Amino acid sequence: DTGVSQDPRHKITKRGQNVTFRCDPISEHNRLYWYRQTLGQGPEFLTYFQNEAQLEKSRLLSDRFSAERPKGSFSTLEIQRTEQGDSAMYLCASSWELYTGELFFGEGSRLTVL
Amino acid sequence: DAKTTQPPSMDCAEGRAANLPCNHSTISGNEYVYWYRQIHSQGPQYIIHGLKNNETNEMASLIITEDRKSSTLILPHATLRDTAVYYCIVRGSNTGNQFYFGTGTSLTVIP
């Protein structure tokens with residue numbers, strides 16, 4: 001399968017712990033996006049990378065969140081000192097073309113904070 | 001933020017055409033209309049997009065009004081596997097070329 005892959009698919013953690021999610025985009029795609037989705041809502045934009053540069057961050061991305069994309073390949077999203085409000089599906093997507101290119105999403109990583 | 005308005009839910013009989021409307025009255029000339037769908041517990045899936053002209057692909061047709069203030073996604077022969085949440089998104093320079101999702105339309109295809 002050459003689609004976008006995310007790991008882990010499910011994560012249960014206790015409040016205050018740190019968690020990290022990984023996303024492997026489609027190999028030829030230079031843009032990578034992170035979204036968060038809570039129950040009953042559409043995906044909310046968090047941040048995106050063009051190659052290794054993080055070009056935009058949403059105000060939803062608090063100081064406890066950090067994303068990286070070393071070498072412009074895979075990306076990680078880390079949440080420090082998790083809170084119950086962080087419980088959500090974290091979706092990764094990648095794309096190639098700047099203007100008309102559609103996003104290809106992974107299956108998501110579901111986080112449950114107890 | 002989302003610039004579109006969609007009905008929260010719709011039903012469609014299996015085998016019939018599903019017509020999903022979307023209002024985007026503030027769309028700018030360089031903004032595209034995209035449609036995605038999300039089947040339960042999966043990531044969103046791209047369906048189709050267009051600027052001015054009607055578009056068709058193997059999944060669906062997109063009809064954009066002449067004033068571009070609204071559009072309709074048409075699934076010509078709905079199947080049970082088309083049950084999903086459908087998102088209409090306006091994307092262009094006014095949105096920083098980002099995809100901002102609203103709450104979409106939950107389509108239920110009824111046997």
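This report walks through a predicted model, starting with chain B as a whole and then turning to its cysteines and to a few residues.

## The build of chain B

Let us begin with the outline of chain B. Its secondary structure consists of 9 strands and 0 helices. Read from the N terminus, the order of elements is β-β-β-β-β-β-β-β-β.

How does the radius of gyration of chain B fit a compact globule? For 111 residues, such a globule would have a value near 13 Å, and chain B has 13 Å, so the two agree. The C-alpha trace spans about 40 × 30 × 20 Å along the principal axes of chain B.

Of the 111 residues in chain B, 47% are buried. Contacts can also be sorted by how far apart the partners sit in the sequence. Among the contacts in chain B with a separation of 6 or more, 56% are between residues 24 or more positions apart.

The accessible surface of chain B is about 5,300 Å², and carbon and sulfur atoms contribute 48% of that area.

## Two disulfides

A disulfide is a covalent bond between the sulfur atoms of two cysteines. Over all chains, the model has 2 disulfides.

In chain A, the bond joins A:C23 to A:C92, with an S to S distance of 1.8 Å. This pair links distant parts of the chain: A:C23 belongs to strand β3 (residues 19-24) and A:C92 to strand β9 (residues 88-95), 69 residues apart. The torsion about the S-S bond of A:C23 and A:C92 is about -70°, so this disulfide is left-handed. Are these two cysteines buried or exposed? Both A:C23 and A:C92 are buried.

In chain B, B:C22 is joined to B:C88, and here the S to S distance is 2.1 Å. B:C22 sits in strand β2 (residues 18-23) and B:C88 in strand β8 (residues 84-91), so the bond ties together parts that are 66 residues apart in sequence. With a torsion of about -80° about the S-S bond, the disulfide of B:C22 and B:C88 is left-handed. B:C22 and B:C88 are buried as well.

B:C12 counts as buried because its relative accessible area is 7%, below the 20% cut-off.

A:R36 is part of strand β4 (residues 31-37) of chain A. Its relative accessibility is 12%, so A:R36 counts as buried. Leaving aside residues up to four places away in sequence, A:R36 touches several others, including A:G42, A:P43, A:E44, A:L46 and A:L60. Also among the residues that A:R36 touches are A:F65, A:A88, A:M89 and A:Y90.

Where in chain B is B:T105 found? B:T105 lies in strand β9 (residues 105-110). With a relative accessible area of 0%, B:T105 is buried. Again not counting residues up to four places away in sequence, the contacts of B:T105 include B:Q6, B:P7, B:P8, B:S9 and B:M10. B:T105 also touches B:L20, B:A84, B:V85 and B:Y86.

Conventions
Residues are numbered from 1 along each chain as its sequence is written. Chains are lettered from A and ligands numbered from 1 in the order in which they are written. This is a predicted model: local features need pLDDT of at least 70, side-chain atom pairs count only at pLDDT 80 or more; totals for chains, interfaces and linings use all residues. Side-chain values use heavy atoms; hydrogens and water are left out. Helices (H or I, at least four residues) and strands (E, at least two) are DSSP runs, numbered from the N terminus. The radius of gyration is taken over C-alpha atoms; the globule rule is 2.2 Å times the number of residues to the power 0.38. Buried means under 20% relative accessible area, exposed over 50%, partly exposed in between (1.4 Å probe, protein chains only). Contact means heavy atoms within 4.5 Å. Accessible areas come from the Shrake-Rupley method with a 1.4 Å probe; for residues, only the protein chains shown count as cover. A disulfide is a pair of cysteine sulfur atoms within 2.5 Å.
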